[in-house]
Amino acid sequence: MKSIILTFSFLLILTAAKADPGTGIVMDSKGNLFYTDLVNVWMIKPDGSKSIAVPNVHTHELYISPNDELFGEHLWYNGEQLNTWGHYLWKRNPDGSVIKIKDSTEGFAEESFVRDIVGNKYYVEKDIPSKFWMMDTSGKKILLGQASLSGIGRLHISPKGSLYFSNKNDLYCIPSGDTLQLYVKSISEQEMTDLPGNGTHSIMSIWSDNKDNVYAATGNVIVQITKKKLANVIYKSTGDWKPSCGLITPKGDFFVLEYNTKNEVRVNKISAAERKQIVKEHAFEVYLMPLLMISGITLLLYFLFRKKK
């Protein structure tokens, strides 16, 4: 009976793992792109060549410092007999050398890879209520806000210091120096009943650009939320693929990390020029078509009322 329970528990873990793909995709100051496929961390150079940057690491998130130091974890399962997990933390230096910065430890890593440009760390204590913290580089903890929410997902800190996080279908924000607030409601296209973890994976990840636009990977699309809090679908994965995360470079290139049900991972790039062309091609659909429809209806009403007179 015990064996059956452990086996069932392991299967639940595997099921949850499939619904929790890697979201680690970052770029260093030289334009090298790093991403995880939960087996290795890969590097794509600006010339398009691809190689393994950190081998044999099961890491979900990545962080890269202003000095181009890459940080991540390695997580493993110790088998049904022990039914425990272990982890260690690693750092890849700019010269390519990889070192452990935390020895192998039982359990899951509590280290936060959500950090701002000066190295402050951000994390949430999920309790009643949940508390959102910033830990500065000296180790001092600062409470940013708290709320009683039951489906908190991943956190993101924007370049201007606003902390974003998802709660089921909704996007919340703690602006720098302000209070916790609902930012945009119901941006996810997924149903809560289809997802493990009480809907915490409804919105897979959040990121932003230097123009204060926020992006969310949900279902098979990416939603952009503008500064005016307008939500628009700007990307849709094809076939069996789904986006887990992405980034936008200072030059405007758009990289999307995608996964499928076979646990395969790929990176799709849409250059700044291609993005402009897409916007241009959709201008008729987005702007001119509604204008023409309104004009047509106005003319129709004008002639109808004119005949009645």
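This is a predicted model: local features need pLDDT of at least 70, side-chain atom pairs count only at pLDDT 80 or more; totals for chains, interfaces and linings use all residues.
View 1. Tyr88, at 16%, counts as buried. The ring of Tyr88 also has a charge over it: the charged end of Lys100 sits 4.4 Å from the ring centre.

**View 2. Aromatic pair between β17 and β21.** Tyr215 and Phe254 form a tilted aromatic pair, 6.1 Å centre to centre, with 40 degrees between the planes. Tyr215 lies in strand β17 and Phe254 in strand β21, so the pair ties together parts that are 39 residues apart in sequence. Tyr215 is buried at 0% relative accessibility, and Phe254 is buried with a relative accessible area of 3%. Both rings belong to one aromatic cluster, made up of Trp207, Tyr215, Tyr235 and Phe254.

**View 3. The four-stranded sheet.** The strands of this open sheet follow the order β16-β17-β18-β19, with antiparallel pairing. β16 (205–208) and β19 are the edge strands, and each pairs on one side only. On average, neighbouring strands of the sheet are turned by 25 degrees against each other, direction ignored. Within the sheet, strand β17 (residues 214–218) and β18 pair in the antiparallel sense over 5 bridges. Ala217 stands opposite Ile222 in β18.

View 4. Thr226 is placed in the loop between β18 (221–225) and β19 (231–236). Its relative accessibility is 17%, so Thr226 counts as buried. Not counting residues up to four places away in sequence, Thr226 touches Tyr183, Asn213 and Asn232. Thr226 and Val214 are 12 residues apart in sequence, and their C-alpha atoms are 6.5 Å apart in space.

**View 5. The three-stranded sheet.** This open sheet has the strand order β20-β21-β22, with antiparallel pairing. β20 (242–248) and β22 (265–270) stand at the edges with a single partner strand each, so one side of each is left without a neighbour in the sheet. Neighbouring strands here are turned by 25 degrees against each other on average, direction ignored. β20 and strand β21 (residues 254–259) run antiparallel and are joined by 6 bridges. Cys245 stands opposite Leu257 in β21. In the loop between β21 and β22 lies Asn263, a residue other than glycine with a positive phi near 65 degrees. Asn263 counts as partly exposed because its relative accessibility is 49%. Arg266 lies over the face of Trp241, at 4.1 Å from the ring centre.

View 6. β2 and β3 run antiparallel and are joined by 4 bridges. Leu33 has Ile44 as its bridge partner in β3. The hairpin of β2 and β3 has 4 residues between the strands, and Leu38 takes a positive phi near 70 degrees there. Leu38 lies in the loop between these strands. β3 also pairs with strand β4 (residues 50–54), in the antiparallel sense, over 4 bridges. Trp42 stands opposite Ile52 in β4. The hairpin of β3 and β4 has 5 residues between the strands, with Gly48 in the turn at a positive phi of about 95 degrees.

View 7. Asn32 lies in the loop between β1 (25–27) and β2 (33–36). Asn32 counts as buried because its relative accessibility is 12%. Leaving aside neighbours within four places in sequence, Asn32 is in contact with Val26, Met27, Met43, Ile44, Lys45 and Pro46.

View 8. The peptide bond from Ile128 to Pro129 is cis, with omega near -5 degrees. Pro129 is placed in the loop between β9 (121–125) and β10 (130–135).

Definitions and conventions: Residues are numbered from 1 along each chain as its sequence is written. Side-chain values use heavy atoms; hydrogens and water are left out. Helices (H or I, at least four residues) and strands (E, at least two) are DSSP runs, numbered from the N terminus. Buried means under 20% relative accessible area, exposed over 50%, partly exposed in between (1.4 Å probe, protein chains only). Contact means heavy atoms within 4.5 Å. Two strands pair if DSSP finds at least two bridges between them. Axes are lines fitted to C-alpha atoms, for helices over the stretch in contact, and angles run from 0 to 180 degrees between N-to-C directions. Rings of Phe, Tyr and Trp (its six-membered ring) pair if their centres lie within 6.5 Å; planes under 30 degrees apart count as stacked, over 60 as edge-to-face and the rest as tilted. A charge sits over a ring if NZ of Lys or CZ of Arg is within 6 Å of the ring centre and within 35 degrees of the ring normal.
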